[in-house]
Amino acid sequence: MAKVVTLGEIMLRLSSPGQKRFVQSEYFDVVYGGGEANVAVSCANYGHDAYFVSKLPTHEIGQCAVNALRKYGVHTDFIARGGNRVGIYYLETGASMRPSKVIYDRAGSSIAEADPSDFDFDAIMEGADWFHWSGITPAISDSPGL
């Protein structure tokens, strides 16, 4: 099978249970995901060697995001560690005529503060058959080249 490399931000999704509004919720459900992370998981599910490249903090929440990928067989060898926060987004699932609502809180996340020197792109891309990158990552970063 192919070696697939994805690069992007994995975020902590906090969603209100069921179709409750944010203001009705007393707790949130927790899921880790993001465009490129989801692609890596899907490719791993189809038997490809899927690698996810990002930067995450060294604390337990960062490790939870890494573990969420590993449980689906995604390789996490090239995730740089450092910074202080995981990007977060809040999801309020719509009901009937009310649309879903998403609120992003990703300023200052580890990947937004990443520098190209955090990654060994020669090693990452060695033998890669496919590279997936949506382009959102450079839009959240002030660093040139990411």
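A salt bridge is taken here as a side-chain nitrogen of Lys or Arg within 4 Å of a carboxyl oxygen of Asp or Glu. The model on your screen is predicted, with local features requiring pLDDT of at least 70, side-chain atom pairs counted only at pLDDT 80 or more, and totals for chains, interfaces and linings using all residues. Residues are numbered from 1 along each chain as its sequence is written, and side-chain values use heavy atoms, with hydrogens and water left out.

**Charged pairs**

By the rule above, the count comes to 5 salt bridges. Begin by selecting Glu9 and Arg106, whose closest N and O atoms are 2.8 Å apart. Glu9 sits in the loop between E1 and E2 and Arg106 in the loop between strand E8 (101-105) and helix H3 (121-125), so this pair ties together parts that are 97 residues apart in sequence; helices (H or I, at least four residues) and strands (E, at least two) are DSSP runs, numbered from the N terminus. Glu9 has 5% relative accessibility and counts as buried, where buried means under 20% relative accessible area, exposed over 50% and partly exposed in between (1.4 Å probe, protein chains only).

Select Lys55 and Asp118 next, which form a salt bridge at 3.1 Å, N to O. Lys55 is buried at 13% relative accessibility, whereas Asp118 is partly exposed at 31%.

Strand E1 (residues 3-7) is joined to E9 by 3 bridges, and Val4 has Trp130 as its bridge partner in E9.

**The nonpolar cores**

Finally, select Ile10, Phe52, Leu56, Leu69 and Val74, the residues with the most contacts inside the largest nonpolar core, which has 22 residues. Such a core is a set of buried Ala, Val, Leu, Ile, Met, Phe, Trp, Tyr and Cys residues joined through side-chain atoms within 4.5 Å. H1 gives the most to this core, with 5 residues. A second, separate core of 9 residues includes Tyr51, Val53, Ala114 and Ile124.

Methods
Two strands pair if DSSP finds at least two bridges between them.
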